[in-house]
Amino acid sequence: MTSFLTHRARVHDARFPLHRRHSALRTCLTVFAPYGLRATYHHLTLSAAIPRRLEADPDALVRAVEELHEARVLWLARAEEYAAQRRAEKQGGRRAVPNPRPWWLRSWWEGSDRAWYDAPFRHPALRLSDYVRRQNTLLDGAELPGCPACGDEGPLEPHSTGHGWVELCGRCAWAPAPCPCGRRHRLVPEIPYGWNEIWQRVHMSDDGTPNPHWPAGQRAVTA
C-alpha cells in the first residue's frame, strides 16, 4: 500500500526535481482526497496558489501537501473512533452497518457529491480540514445551517436530469436528494475539461492566481 507519509516527505524534499515532488503530491491524493482526486487537486491549486510553472513557487507544493495532511490527520482520528465503535457493536451482536454510512465510506458514484467527479470545479471552497470537521460534526448528529458540504445558505439550483429535476447547491453542486427515479445522474460541467488540463494547471497563471483568460476568456470557477 502506498504510504501517504512517505510521499509527503518527498514533496518536502528539495533534493528531488520539481516534477517528482509534484508526482508525489498526486500519489498522496490517491490515498486521501476528500473531494475526489480531480476536485481535491483543483482545490489545492487554488488554496495553495500552485502556479502553472512550478519553478515560480516550489513552496506551493509544500503548502498543498500540508493542507491535505492536516485534513487527513483529522479524518484518521475519526475513522479510528468509528472502527472502535463498530468493533464494540459487533461484539454486542449489532452487525448491520449504520445508516447513513460515515462520509468517507459512502459511494461517490451514488452519493450527494457525485457532481465533484463530473465537474471538479464545483467542489466546496472550504479548507480541507474545515470540510472534514464539518462532515465529522454532521456524523455526530449535529444540525448545521446551509449546504451539508459547503455551508452555503443560498437558494438551490434546479438541474434537469433528462426526465426529471433535482436541486443542487448553487455553490458546490451538492445534491440533497436524488432524482425522482431514485438515482444520481451525471452533471454535465459548464466548463469542458480534461484531466491533463487540470494536472497541467491551465486554469492558473505563473504567479499562482487563477488564469483570467481561461477558459475562452472566462475566469475559472473556484466554487
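**View 1. Twelve aromatic pairs occur in the structure.** Rings of Phe, Tyr and Trp (its six-membered ring) count as a pair if their centres lie within 6.5 Å. Planes under 30 degrees apart are called stacked, over 60 edge-to-face, and the rest tilted. This is a predicted model: local features need pLDDT of at least 70, side-chain atom pairs count only at pLDDT 80 or more, and totals for chains, interfaces and linings use all residues. Residues are numbered from 1 along each chain as its sequence is written, and side-chain values use heavy atoms, with hydrogens and water left out.

**View 2. Tyr 41 and Trp 199 form a tilted aromatic pair.** The ring centres are 5.0 Å apart, with 45° between the planes. Tyr 41 sits in helix H3 and Trp 199 in helix H7, 158 residues apart, so the pair links distant parts of the chain. Helices (H or I, at least four residues) and strands (E, at least two) are DSSP runs, numbered from the N terminus. Tyr 41 counts as buried, at 0% relative accessibility. Trp 199 is buried too, at 14%. Buried means under 20% relative accessible area, exposed over 50%, and partly exposed in between (1.4 Å probe, protein chains only).

**View 3. Tyr 82 and Trp 104 form an edge-to-face pair.** Their ring centres are 5.8 Å apart and their planes stand at 90°. Tyr 82 belongs to helix H4, whereas Trp 104 lies in the loop between H4 and H5. The pair therefore ties together parts that are 22 residues apart in sequence. Both Tyr 82 and Trp 104 are buried. They also belong to a cluster linked by ring pairs, along with Tyr 35, Trp 103, Trp 116, Tyr 131 and Trp 174.

**View 4. Trp 75 is a buried residue of helix H4.** Its relative accessible area is 17%. Leaving aside neighbours within four places in sequence, Trp 75 is in contact with Phe 32, Trp 103, Trp 104 and Val 132. Contact means heavy atoms within 4.5 Å. The C-alpha atoms of Trp 75 and Arg 133 are separated by 8.4 Å. Along the chain, these two residues are 58 residues apart.

**View 5. Helix H3 packs its buried residues against other helices.** The buried residues are Ala 39, Thr 40, Tyr 41, His 42, His 43, Leu 44 and Thr 45. They pack against H2, H4, helix H5 (115-118), helix H6 (128-139) and H7.

**View 6. Helices H1 (residues 4-12) and H2 (residues 18-31) cross at roughly 155°.** Their axes come within 8 Å. H1 is thus roughly antiparallel to H2. Axes are lines fitted to C-alpha atoms, for helices over the stretch in contact, and angles run from 0 to 180 degrees between N-to-C directions. Angles under 35 degrees count as roughly parallel, over 145 as roughly antiparallel, 65 to 115 as roughly perpendicular, and the rest as oblique. From H1, Phe 4, His 7, Arg 8, Arg 10, Val 11 and His 12 take part. They meet Arg 21, Ala 24, Leu 25, Thr 27, Cys 28 and Val 31 of H2.

**View 7. Ala 49 and Ala 173 have positive phi values.** Neither is a glycine. Ala 49 has a phi near 55° and lies in the loop between helix H3 (37-47) and helix H4 (59-91). Ala 49 is partly exposed, at 24% relative accessibility. Ala 173 has a phi of about 70°. Its place is in the loop between strand E2 (165-169) and helix H7 (195-199). Ala 173 is buried, with a relative accessible area of 1%.
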